[in-house]
Amino acid sequence: MASRIENLFIKLKNSPRYRWFIMANVSVGTFMSTLDSSIVNVALPTLSTQLHSDLSVVQWVVSAYLLTISSLLPVFGRVADLIGRKKVFSFGFILFTLGSVLCGLSTNIWFLIGTRIIQAIGASMLMSNSSAIITANFPPQERGRALGLTGTVVALGNLSGPAIGGLLIGFTSWRSIFYVNLPIGIIGYLAAQIVLPEDQPQRGNEKFDTLGAILFTVGMVSLLFALNNGQDLGWTSVYILMGLLLGIILLGWFLRWETRVTHPMIDVSLFRNRPFLMGNLSGFISFVVLFTNTMLMPFYLQHILNYQPSQVGLMMSAFPIVMAFVAPISGHISDRIGPVILTTSGLTVTALGLFYLTSVTDTSTVWQILPGPLLMGLGSSLFQSPNNSSVMSSVPKPKLGLAGGLNALVRNLGMVVGIALSVTLFENRQAAALHGIAQATAAQQTSAFLSAYHTVLFVGGVLSLFGAFISLNRKGYALAKD
């Protein structure tokens, strides 16, 4: 068996398309791990009912996954530098697949949240190494195109989750959204053994930045825990104040430590590069904005309009379908004219989509709702690929792998903050609308829901316009000459 795999690897390596086989394998891991960032969104109403949990608890099925990834991306990126990317990436498939099976076997909400954390550890191993593997195996003249395509896979994975999840739940059950990863994970692992080349880990005196990893992980968990639970426990709660304070102190200590340690986990000097900084800031805002609606729209469609999960999936598939067609075109155009016009207009169009959705009611039809997701899909298509290309093209080539890891970290932080912002603001506005009402009628509950939902969408639209302003100011970018 081993000799057959070795012979197959030799044939693939000698193929002129070998690098694209590598990218295909990386894309499988990237799509699978990012898909599970959002695939459960459409299942939240079903999970809330069947596992007897309210929104403030069930949101942790999503938040725990994203929080774990955000905390571990830099850690596993650095571990891979020291022991080899193929080892870490391959084991990521195993752990992610095991976590997926355990998620599908869950019988209560807390077991599901715990197994989502296992799943997320595997996902962080996959996501932290995808850009570095591509960077190491593509020549400079093709690297931008390959990284742009990877960015498109990331966006499609994140944004097609509700559509795929809705269809799976509608035709089977919520457990299928986790079991579907089993064959994909097994194929991905076997392909990694055959396709990925053996990389040479860093040797010599370089050591893993243990203190930096602890400071970053604990600080990030503390801060994001406080952000996610502020509304539920109260922003003046001792637990929330302690979480915010501890997170800020530890992350501040981490940044100070990283500027002094010989072999840092994260090279913070990259953020002194203006195009890199502006690209990551606008990318962060774009995912905050997208997840304000991605988190709440399934509840609107199921609880207010009484759609079935399969219908919700079809409705939300408008977004990834538009991205699949437009994103590659926008990436190609950005190679010719640069990213500024496309990224700025993309965030502006996204804002228009969010503002449009503030007009939906409890009697809106599919055709009245659909322009909102279509506009948001178009806006994200115009933004994502050019922005990823801009970020990766603004750093020295020896730091491309590190830059890709930081880009992934910022993206996941955007999703976590987007979920926390949407849920906190929604629950606050809904409670305010029902204040003083002892026993709310169905009509009053619907009115409160829509009022709160519209507020979240409006805030998201304003943030998107702010992101467009930031994107417009990414001075110092130059088209790649490779």
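Helices (H or I, at least four residues) and strands (E, at least two) are taken as DSSP runs and numbered from the N terminus. The structure is a predicted model, in which local features need pLDDT of at least 70 and side-chain atom pairs count only at pLDDT 80 or more, while totals for chains, interfaces and linings use all residues. Residues are numbered from 1 along each chain as its sequence is written, and side-chain values use heavy atoms, with hydrogens and water left out.

The chain contains 20 helices and zero strands. Of its 482 residues, 57% are buried, where buried means under 20% relative accessible area, exposed over 50%, and partly exposed in between (1.4 Å probe, protein chains only). With contact defined as heavy atoms within 4.5 Å, 84% of the contacts between residues at least 6 apart in sequence join residues at least 24 apart.

Confidence was examined by pLDDT, the predictor's confidence in each residue, from 0 to 100. The mean pLDDT of the chain is 81, and 89% of its residues reach 70 or more. Where pLDDT is low, the predicted coordinates should not be read in detail.

Helix α2 (residues 18-38) has 21 residues, and its end C-alpha atoms are 31 Å apart, in agreement with the 30 Å that it should span at 1.5 Å a residue. The expected span is 1.5 Å times one less than the number of residues. In α2, 15 of the 21 residues are buried.

Threonine 294 is found in helix α13 (residues 274-304) and counts as buried because its relative accessibility is 8%. A polar atom of its side chain lies 2.8 Å from the backbone oxygen of leucine 290. Leaving aside neighbours within four places in sequence, threonine 294 is in contact with Asn41, Pro162 and Met316.

Two loop residues other than glycine have positive phi values. Histidine 52, in the loop between α3 (44-50) and α4 (55-58), has phi near 55 degrees and counts as exposed at 72% relative accessibility. Asparagine 306, in the loop between α13 and α14 (309-316), has a phi of about 60 degrees and counts as exposed at 56% relative accessibility.

A search of the whole structure finds eight aromatic pairs. Rings of Phe, Tyr and Trp (its six-membered ring) pair if their centres lie within 6.5 Å; planes under 30 degrees apart count as stacked, over 60 as edge-to-face and the rest as tilted. The rings of phenylalanine 216 and phenylalanine 254 have centres 5.2 Å apart and planes at 55 degrees, so this pair is tilted. The pair links distant parts of the chain, with phenylalanine 216 in helix α11 (residues 210-233) and phenylalanine 254, 38 residues apart from it, in helix α12 (residues 238-258). Both phenylalanine 216 and phenylalanine 254 are buried. The rings of phenylalanine 271 and phenylalanine 276 have centres 5.2 Å apart and planes at 65 degrees, so that pair is edge-to-face. Phenylalanine 271 is partly exposed, with a relative accessible area of 28%, whereas phenylalanine 276 is buried at 0%. One aromatic cluster is formed by Tyr300, Phe426, Phe449 and Tyr453.

Notes:
Polar contact = N/O pair within 3.5 Å; in protein donor to acceptor, adjacent residues only side chain to side chain.
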